[in-house]
Amino acid sequence: MSTLVIKDLHVSIEDKEILKGLNLTINTNEVHAIMGPNGTGKSTLASAIMGHPKYEVTQGTIEIDGENVLEMEVDERAKAGLFLAMQYPSEISGVTNADFVRSAINARREEGDEISLMKFIRELDKTMDFLEMDQEMAQRYLNEGFSGGEKKRNEILQLMMIKPKFAILDEIDSGLDIDALKVVAKGINEMRGEGFGCIAITHYQRLLNYITPDHVHVMMQGRVVKSGGPELAQRLEAEGYDWIKQELGIED
Ligand code: ADP
Ligand code: MG
Ligand code: MG
């Protein structure tokens with residue numbers, strides 16, 4: 001089992017403090033949903049975990065199994081088993097999807113232990129079938145001309161191929177039609193198990209109808225202010241966030 005522990009995390013962007021003492025612990029074999037109003041720092045949390053240079057950690061710790069993540073470069077974080085699926089996946093010219101996934105897999109392996117081309121292709125074919133993706137997608141340039149749904153499906157393909165310890169999925173459900181949403185959920189559910197933990201950031205209960213989270217957290221004003229089980233997400237869907245604000249005496 002692996003554990004990702006975030007303690008008292010403070011993060012600033014251009015000297016403005018966005019995260020103000022966030023605590024969160026995730027084990028492999030668990031899916032955690034993070035919900036919360038717009039602008040509360042959910043994407044900031046994802047970016048800080050992955051080491052985006054714009055996000056300055058001013059206080060607190062992030063550790064995987066006791067290893068200090070904050071001291072790691074971005075590629076070292078990936079090697080340590082972290083995976084980020086972005087709210088706005090970027091296009092990278094001149095790199096095919098297949099090349100990108102293969103180099104991401106090999107970047108996590110020791111030299112001399114790279115995945116063989118045959119094995120890679122077999123696994124890629126199988127996973128693309130599972131995700132109901134057109135084989136032609138493998139040879140297309142990364143995210144170039146992909147529809148919103150194709151990008152998200154593609155991120156799940158990367159996830160299933162790279163097999164990280166922890167995935168942070170930032171609004172993986174945004175802009176998806178119901179069929180694409182089901183495929184995305186199918187991929188994440190397939191990954192669930194001993195070696196894999198997941199943080200799914202979402203605005204909507206909708207995703208959680210297909211991926212039942214083990215834990216649900218509400219973020220407000222740069223902190224996790226409430227945690228519970230799947231029933232918490234259902235209550236938020238029905239009642240919004242006002243009752244939490246009242247309960248905690250938070251003002252807008
Ligand atoms: P959420 O994902 O919960 O909607 P964000 O983490 O995107 O919230 O944003 C939190 C706050 O940080 C917002 O006030 C937003 O305007 C600000 N912010 C986010 N990213 C940047 C950035 N790159 N530069 C400046 N301000 C930012
Ligand atoms: Mg638990
Ligand atoms: Mg966001």
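Leaving aside neighbours within four places in sequence, which residues is N27 in contact with? N27 is in contact with M1, T3 and G197, where contact means that the C-beta atoms of two residues, placed from the backbone, lie within 7 Å. The legends below start from this residue.

This is a predicted model, in which local features need pLDDT of at least 70 and side-chain atom pairs count only at pLDDT 80 or more, while totals for chains, interfaces and linings use all residues. Residues are numbered from 1 along each chain as its sequence is written, and chains are lettered from A and ligands numbered from 1 in the order in which they are written.

**View 1. N27 in strand β2.** N27 lies in strand β2; strands (E, at least two residues) and helices (H or I, at least four) are DSSP runs, numbered from the N terminus. N27 is partly exposed, with 16 other C-beta atoms within 10 Å. A residue is called buried if 20 or more other C-beta atoms lie within 10 Å of its own, exposed if 12 or fewer, and partly exposed in between, with C-beta atoms placed from the backbone. N27 and S2 are 25 residues apart in sequence, and their C-alpha atoms are 5.7 Å apart in space.

**View 2. Two residues other than glycine with positive phi, D8 and N29****.** Most residues other than glycine have a negative phi. D8, in strand β1 (residues 3–13), has a phi near 50 degrees. N29, in the loop between β2 (16–27) and β3 (31–35), has a phi of about 75 degrees. D8 is partly exposed, with 13 other C-beta atoms within 10 Å. N29 is also partly exposed, with 15 such atoms.

View 3. The residues around ligand 1 are I13, E14, I18, G36, N38, G39, T40, G41, K42, S43, T44 and K54; a residue belongs here if its C-beta atom, placed from the backbone, lies within 6 Å of the ligand. By class, this shell has 2 nonpolar, 7 polar and 3 charged residues. Here Ala, Val, Leu, Ile, Met, Phe, Trp, Tyr, Cys and Pro count as nonpolar, Asp, Glu, Lys and Arg as charged, and the others, Gly among them, as polar. Helix α1 (residues 42–50) gives the most to the shell, with 3 residues. α1 is mostly covered, with 8 of its 9 residues buried; these are K42, S43, T44, L45, A46, S47, A48 and I49. Just after α1, G51 takes a positive phi of about 85 degrees.

**View 4. A33 in strand β3****.** With 25 other C-beta atoms within 10 Å, A33 is buried. Not counting residues up to four places away in sequence, A33 touches A200, T202, L208, P213, V216 and A233. A33 and I211 are 178 residues apart along the chain, and their C-alpha atoms are separated by 9.4 Å.

**View 5. Q139 in the loop between α4 (117–130) and α5****.** Q139 is exposed, with 10 other C-beta atoms within 10 Å. Apart from neighbours within four places in sequence, Q139 is in contact with T96 and A98. T96 is 43 residues away along the chain, with a C-alpha separation of 5.4 Å.

**View 6. Helices α5 and α6.** Two packed helices are described by the angle between their axes and the distance between the axes. The axes of α5 (residues 148–162) and α6 come within 10 Å and cross at roughly 10 degrees. Axes are lines fitted to C-alpha atoms, for helices over the stretch in contact, and angles run from 0 to 180 degrees between N-to-C directions. The two helices are therefore roughly parallel to each other, the term for angles under 35 degrees. On the α5 side the contact is made by G149, K152, R153, I156, L159 and M160, and on the α6 side by A180, V183, V184, G187, I188, E190 and M191. By class, the contact has 8 nonpolar, 2 polar and 3 charged residues.

**View 7. The largest nonpolar core****.** This core has 60 residues, and those with the most contacts inside it are A167, I168, L169, V184, C198, I199 and A200. Helix α6 (residues 178–191) gives the most to the core, with 6 residues. A nonpolar core is a set of buried Ala, Val, Leu, Ile, Met, Phe, Trp, Tyr and Cys residues joined through C-beta atoms within 7 Å. Leaving aside neighbours within four places in sequence, V184 is in contact with K152, R153, I156, I172, D173 and L176.

Definitions and conventions: Parallel < 35°, antiparallel > 145°, perpendicular 65-115°, else oblique.
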